[in-house]
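Trainee: Hi! I'm new to this one, could you walk me through it?

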Amino acid sequence: AGGVIYGTNVVIAGDSTNSGIIKVLRGTGLVGRMPAGGVFAATGLPDTMIVKIGLWIEQDALNN
């Protein structure tokens with residue numbers, strides 16, 4: 001659901017630019033860069049992974 005910060009705007013189907021998930025993955029969101037832990041905590045996700053997530057959002061974020 002997105003919580004207090006992004007509400008329902010975490011994933012806006014068809015609009016990766018304004019989707020909160022892309023903003024936090026790139027470190028441009030209202031909260032710190034994600035992921036906060038794990039393998040990518042120090043470096044952030046590789047751009048290729050963020051681009052794939054953005055493409056999925058642009059293709060209407062289908063649950064298939």
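Trainee: Which residues are buried in α3?
Mentor: Ile50, Gly54 and Ile57 are buried there. Bear in mind as we go that this is a predicted model.

Trainee: How are those buried residues arranged, seen down the axis of α3?
Mentor: They fall within an arc of 55°, so they line one face of the helix. As background, an α-helix has 3.6 residues a turn, so residues three or four places apart point the same way.

Trainee: Nice. And what's exposed on the other side of α3?
Mentor: Thr48 and Lys52 are exposed on that other side.

Trainee: What covers the buried residues of α3?
Mentor: The cover includes α2, a helix that spans residues 20–26.

Trainee: How far does α3 reach from its first C-alpha to its last?
Mentor: It reaches 16 Å with its twelve residues, close to the 16 Å expected at 1.5 Å a residue.

Trainee: Let me pick a residue, Ile53. Where does it lie?
Mentor: Ile53 is in helix α3, which runs over residues 47–58.

Trainee: How accessible is Ile53?
Mentor: Its relative accessible area is 26%. Buried means under 20% and exposed means over 50%, so Ile53 counts as partly exposed.

Trainee: What does Ile53 touch, leaving out residues up to four places away in sequence?
Mentor: Ile53 touches Ile22, Leu25 and Leu45. Take Ile22: it is 31 residues from Ile53 along the chain, yet their C-alpha atoms are separated by 7.8 Å.

Trainee: Is Asp60 buried, exposed or partly exposed?
Mentor: Asp60 is partly exposed, since its relative accessible area is 46%.

Trainee: And what about the phi of Ala61?
Mentor: The phi of Ala61 is also a positive value, near 50°, and Ala61 is a residue other than glycine.

Trainee: Why does Ala61 count as buried?
Mentor: Because its relative accessibility is 19%, and the cut-off for buried is under 20%.

Trainee: Switching topic: where is there a cis peptide bond?
Mentor: A cis peptide bond joins Met34 and Pro35, with omega about 0°. Pro35 belongs to the loop between α2 and α3.

Trainee: What about Ser19, is it buried or exposed?
Mentor: Ser19 is buried, with a relative accessible area of 0%. You'll find Ser19 in the loop between α1 and α2.

Trainee: Which residues is Ser19 in contact with, leaving aside neighbours within four places in sequence?
Mentor: Ser19 is in contact with Asn9, Val10, Val11, Ile12 and Ile57.

Definitions and conventions:
Residues numbered from 1 in each chain as written. Predicted model: local features only at pLDDT ≥ 70, side-chain atom pairs only at ≥ 80, totals over all residues. Heavy atoms only, no water. Helix = DSSP H or I, 4+ residues; strand = E, 2+ residues; numbered from the N terminus. Buried < 20%, exposed > 50% of the residue type's maximum accessible area, 1.4 Å probe, protein only. Contact = heavy atoms within 4.5 Å. Expected span 1.5 Å × (residues − 1). Arc of directions from axis to C-beta.
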